[in-house]
Amino acid sequence: MESSCTMQAVFLHLLLLFGNIDATDDERKRYDGYRLYKVFVPDDESLELLTNMQDDDGYHLWLRPMINGTADVMISPARIQEFMQKVNTTKLEPELMMDNVQKYIDDENPRGNVRGAFDWLGYHRLNTIYSWLDSLVTQHPEIVKPIIGGSSYEGRRIKGVKLSYKEGNPGIFIEGGIHAREWISPAVVTYILNELILSDDSRVRYMAESYDWYIFPVFNPDGYEYTHTTNRLWRKTRRPTGRGCYGADPNRNWNFHWAEGGVSRNPCSEIYPGDKPFSETETRTMSQYIDSIQTKIFSYVAFHSYSQLLLIPYGHSNKRVSNYDDLFQIGNYSINALSQRYGTRYKVGNIVDIIYVASGGSMDWVRGTYNIPVTYTYELRDKGRYGFILPASQIIPTAKETLDSLVAMFEQAAKLGYGSSMTAQFRL
Ligand code: 0X9
Ligand code: ZN
């Protein structure tokens with residue numbers, strides 16, 4: 001009896017590993033009664049209180065305290081009373097955003113996982129995204145080539161494509177899904193890829209055909225799958241790291257000013273940078289791939305969520321990159337274009353100036369190591385109403401406004417001389 005149960009469990013795990021099925025309910029982390037608060041952080045005392053909470057069980061910072069003075073913090077039911085008491089002794093002004101996080105998770109992707117067909121009406125599993133990438137290669141063999149850029153700790157591939165209408169066009173690299181729970185990122189990246197192939201809008205067509213596109217929708221496939229099967233709010237990779245905890249923050253693990261700030265040396269922390277630069281299979285293998293094409297790209301754009309920001313390097317220091325003024329100007333054109341369609345407001349600026357210190361990010365490594373001139377990180381919708389759990393009905397609007405902003409970005413960049421294939425070299 002006992003052994004048949006064990007056999008069953010083994011079988012289930014095999015299915016989970018190789019199949020596209022869901023975890024059983026008791027393996028899935030639930031967020032019943034968890035609350036999400038947006039808090040105002042007016043002074044150092046409140047900042048310290050929040051910073052100390054970071055690694056406490058039952059407190060989860062969705063958004064770390066930002067320069068403009070707010071943070072989003074999720075509290076487990078057992079900690080709510082204690083949190084309210086702490087809050088009363090400081091000037092934190094909590095605003096309740098979600099009274100039951102699980103309800104938002106249940107409502108986010110109402111259609112569930114649809115196998116086979118690919119669209120932007122729901123969030124998809126990794127296999128579905130990868131099959132769709134394969135189908136693009138089959139349907140458009142002249143322009144879409146498959147790439148295995150890297151691999152993950154659990155042995156998954158990091159799949160991407162190169163889209164090229166004319167060999168030798170200046171290259172743009174698009175990174176999606178480095179943080180597992182930011183589901184809107186792979187969804188927007190796949191939408192953009194689809195439009196670059198199929199859109200009949202003349203400005204999109206011009207952009208699509210003027211550049212070579214290296215597009216990787218899911219940089220952290222283990223984490224992404226884990227958010228689908230087990231814990232919707234997982235952020236990191238899935239390697240066992242110590243103290244019984246798993247994963248490093250793949251956006252703190254790159255070998256440029258590694259672990260200089262905005263990290264925690266506790267392996268259980270959400271911002272654990274790993275025990276050394278490139279300790280994670282995902283970042284190490286992808287960095288090798290990027291190295292192999294670095295002479296071909298003039299731009300690197302990473303997609304995260306959430307906050308509605310367009311970030312300029314670096315994350316370790318507020319010292320501005322050499323072409324900051326150009327990037328700021330291009331960024332402003334870009335976020336203006338983004339706001340035209342639905343009025344969505346973004347802010348543009350240096351990471352340290354507009355959010356917080358965060359060293360070891362992918363974009364920073366690309367910029368710092370190869371001097372790639374046009375580097376941005378998007379923090380997509382929203383500003384904390386739904387946060388990471390953005391309803392699937394917002395995928396298409398988010399993707400459309402983001403594509404508008406990319407068109408403006410590369411039009412303005414070209415006007416300033418970036419990525420023009422007319423010049424001998426499209427680098428600075
Ligand atoms: O903290 C992060 O890694 C990003 N924010 S998120 O809420 N999506 O986790 C900010 C990225 C900063 N980027 C770099 N330092 N390159
Ligand atoms: Zn992120």
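Reader: How do the axes of α6 and helix α7 lie, and how do I read the angle?

Author: Axes are lines fitted to C-alpha atoms, for helices over the stretch in contact, and angles run from 0 to 180 degrees between N-to-C directions. Helices (H or I, at least four residues) and strands (E, at least two) are DSSP runs, numbered from the N terminus. Here the axes of α6 and helix α7 (residues 202–210) come within 8 Å and cross at roughly 95°. Angles under 35 degrees count as roughly parallel, over 145 as roughly antiparallel, 65 to 115 as roughly perpendicular and the rest as oblique. α6 and α7 are therefore roughly perpendicular to each other.

Reader: Which residues meet between α6 and α7?

Author: Contact means heavy atoms within 4.5 Å. Glu195, Leu196, Ile197 and Leu198 of α6 meet Val204, Arg205, Met207 and Ala208 of α7.

Reader: What kind of model is this, and how are its parts numbered?

Author: This is a predicted model, in which local features need pLDDT of at least 70, side-chain atom pairs count only at pLDDT 80 or more, and totals for chains, interfaces and linings use all residues. Residues are numbered from 1 along each chain as its sequence is written, chains are lettered from A and ligands numbered from 1 in the order in which they are written, and side-chain values use heavy atoms, with hydrogens and water left out.

Reader: What is a nonpolar core, and which residues touch the most other members of the largest one?

Author: A nonpolar core is a set of buried Ala, Val, Leu, Ile, Met, Phe, Trp, Tyr and Cys residues joined through side-chain atoms within 4.5 Å. Buried means under 20% relative accessible area, exposed over 50%, partly exposed in between (1.4 Å probe, protein chains only). The largest nonpolar core has 108 residues, of which Trp62, Val101, Phe173, Trp213, Tyr378 and Phe410 touch the most other members. Helix α6 (residues 184–198) gives the most to this core, with nine residues. Both domain 1 (31–108) and domain 2 (126–427) give residues to this core, so it lies between them. A second, separate core of 15 residues includes Val41, Leu61, Ala71 and Phe83.

Reader: What does Trp213 touch?

Author: Not counting residues up to four places away in sequence, Trp213 touches Val161, Lys162, Leu163, Ile172, Ile174, Leu196, Met207, Ala208 and Phe410.

Reader: How are the domains set, and how many residues of each are in contact?

Author: Domain bounds come from an automatic or database domain assignment. The protein chain is divided into domain 1 (31–108) and domain 2 (126–427). Their C-alpha centres lie 28 Å apart, and 20 residues of domain 1 are in contact with 27 residues of domain 2.

Reader: Where is Leu233, and is it buried or exposed?

Author: Leu233 is in the loop between α8 (221–229) and β9 (240–242). At 5% relative accessibility, Leu233 counts as buried. Leaving aside neighbours within four places in sequence, Leu233 is in contact with Tyr31, Trp62, Met74, Val101, Arg181, Phe388 and Ile389. The C-alpha atoms of Leu233 and His60 are separated by 9.8 Å, although the two residues are 173 residues apart along the chain.

Reader: What counts as a donor, and which protein donors does the zinc ion (ligand 2) have?

Author: Donors are N, O and S atoms within 2.8 Å of the metal (3.2 Å for Na, K and Ca); water is not among the atoms, so sites may look incomplete. The protein donors of the zinc ion (ligand 2) are His179 (ND1), Glu182 (OE), Glu182 (OE) and His304 (ND1), at 2.0 to 2.3 Å from it. Along the chain, these donors follow the spacing H-x2-E-x121-H. Glu182, in the loop between β7 (171–175) and α6, and His304, in strand β11 (residues 297–305), are 122 residues apart, a pair that links distant parts of the chain. Glu182 counts as buried at 4% relative accessibility, and His304 counts as buried at 2%.

Reader: How do I read phi and the peptide bonds, and where are the cis bonds?

Author: Most residues other than glycine have a negative phi, and most peptide bonds are trans. The peptide bond from Ser305 to Tyr306 is cis, with omega near 5°. Another cis peptide bond joins Pro313 and Tyr314, with omega about 5°.

Reader: What is phi for Ser307 and for Gln308?

Author: Phi is near 145° for Ser307 and near 65° for Gln308, each a positive value in a residue other than glycine. Ser307 is in the loop between β11 and β12, and counts as buried at 7% relative accessibility.
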